[in-house]
Amino acid sequence: MLSIIGGSGLGRFPDLVIERREVVRTPYGAPSAALIFGRLAEAPVVFLARHGLAHTIPPHRINYRANLWALREAEVEQVLAIATVGGIHADLAPGHFAVPDQLIDYTWGREMTYAEYGSESTVAHLDFSHPYCPTLRAHCLAALEAAGEHFMARGTYGVTQGPRLETPAEIERMARDGVDMVGMTGMPEAYLAHELGLCYATLAASVNWAAGRGGLDEIRMEAIAEIQVGLVARMPAVLTDIIRRLGENNGLSQA
Ligand code: HPA
């Protein structure tokens with residue numbers, strides 16, 4: 001079953017037919033919100049609002065361990081992480097999508113592993129050469145193509161601590177590092193999913209030019225909100241198509 005972790009401004013989907021909500025507890029505490037079990041394009045999905053249903057949890061306070069653990073306990077196999085980002089690469093204008101294939105983690109002080117002292121886990125070191133699941137990435141790319149969206153088919157997602165946006169100097173440095181898009185929630189989410197053996201991919205949507213880019217002197221929150229409105233309208237078609245493709249891939253009919 002697919003799960004969708006919804007990000008800023010994308011915490012709800014009108015097409016989701018809700019069947020039940022489940023408040024879950026994990027050994028790591030409470031997830032950001034109740035898990036919402038429902039159907040999208042007839043297929044079962046579990047939805048989790050990353051920032052909470054009222055969007056009250058900032059990126060550095062999200063209990064990523066509880067979120068991924070809860071999804072795994074719900075017998076989810078794939079996790080589609082929806083993330084709003086700032087565009088650094090010239091192709092990532094506001095309103096464009098990206099399906100990153102690499103990441104750089106600039107966050108600090110977050111609980112970023114299940115491998116703790118005294119835990120039963122032996123996965124202290126884990127290969128992370130491929131942070132994103134190739135199958136789910138391929139479905140995202142095909143769905144974006146079919147929907148006629150503008151998108152970057154690969155790219156490096158730089159994850160900052162937030163909640164503040166970056167300075168132009170920080171973005172310049174990230175660009176020199178090879179970062180194409182900047183967001184605040186991609187880690188440790190991607191790595192925790194990896195530790196749990198979940199197939200995880202990020203569908204990133206640019207909602208602004210990163211600081212100092214796009215010829216703009218500052219980032220305006222009202223402009224971000226406008227872009228988000230457009231994305232919320234276009235996202236369901238893309239998600240529905242991803243789900244249909246996953247179903248076909250699994251030999252299941254989603255008709
Ligand atoms: N920086 C960091 N995170 C973001 C941005 C940004 O410019 N836009 C959306 N999420």
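Gly-87 stands opposite Trp-209 of strand β11, in a predicted model for which local features need pLDDT of at least 70, side-chain atom pairs count only at pLDDT 80 or more, and totals for chains, interfaces and linings use all residues. Residues are numbered from 1 along each chain as its sequence is written, and side-chain values use heavy atoms, with hydrogens and water left out.

Strand β5, which comprises residues 78–87, pairs with β11 in the parallel sense over 10 bridges, two strands being taken to pair if DSSP finds at least two bridges between them. Strands (E, at least two residues) and helices (H or I, at least four) are DSSP runs, numbered from the N terminus. A further partner of β11 is strand β6 (residues 97–98), for which the pairing is antiparallel and extends over 2 bridges; here Phe-97 stands opposite Ala-205 in β11. With regard to solvent accessibility, a residue is called buried under 20% relative accessible area, exposed over 50%, and partly exposed in between, as computed with a 1.4 Å probe on protein chains only. By this criterion 11 of the 11 residues of β11 are buried, so the strand is largely enclosed by the rest of the structure.

A search of the whole structure finds 1 disulfide, and it is formed by Cys-133 and Cys-199, whose sulfur atoms are 2.1 Å apart. Because Cys-133 lies in the loop between β7 (102–105) and α2 (134–146), whereas Cys-199 lies in strand β11 (residues 199–209), the pair ties together parts that are 66 residues apart in sequence. The torsion about the S-S bond of Cys-133 and Cys-199 is about -80°, and the disulfide is therefore left-handed. Both Cys-133 and Cys-199 are buried. Another cysteine, Cys-140, has Cys-199 as the residue with the closest cysteine sulfur, but the separation of 9.1 Å is too far for a bond; Cys-140 itself counts as buried, at 0% relative accessibility.

Charged side chains were examined for salt bridges, each defined as a side-chain nitrogen of Lys or Arg within 4 Å of a carboxyl oxygen of Asp or Glu, and by this rule the count comes to 14. One of them joins Arg-220 to Glu-222, with the closest N and O atoms 3.2 Å apart. Arg-220 is partly exposed at 44% relative accessibility, and Glu-222 is likewise partly exposed, with a relative accessible area of 47%.

Arg-244 is partly exposed, at 34% relative accessibility, whereas Asp-241 is buried, with a relative accessible area of 13%. Together with Arg-245, the residues Asp-241, Arg-244 and Glu-248 are linked in a network of salt bridges.

Methods
A disulfide is a pair of cysteine sulfur atoms within 2.5 Å.
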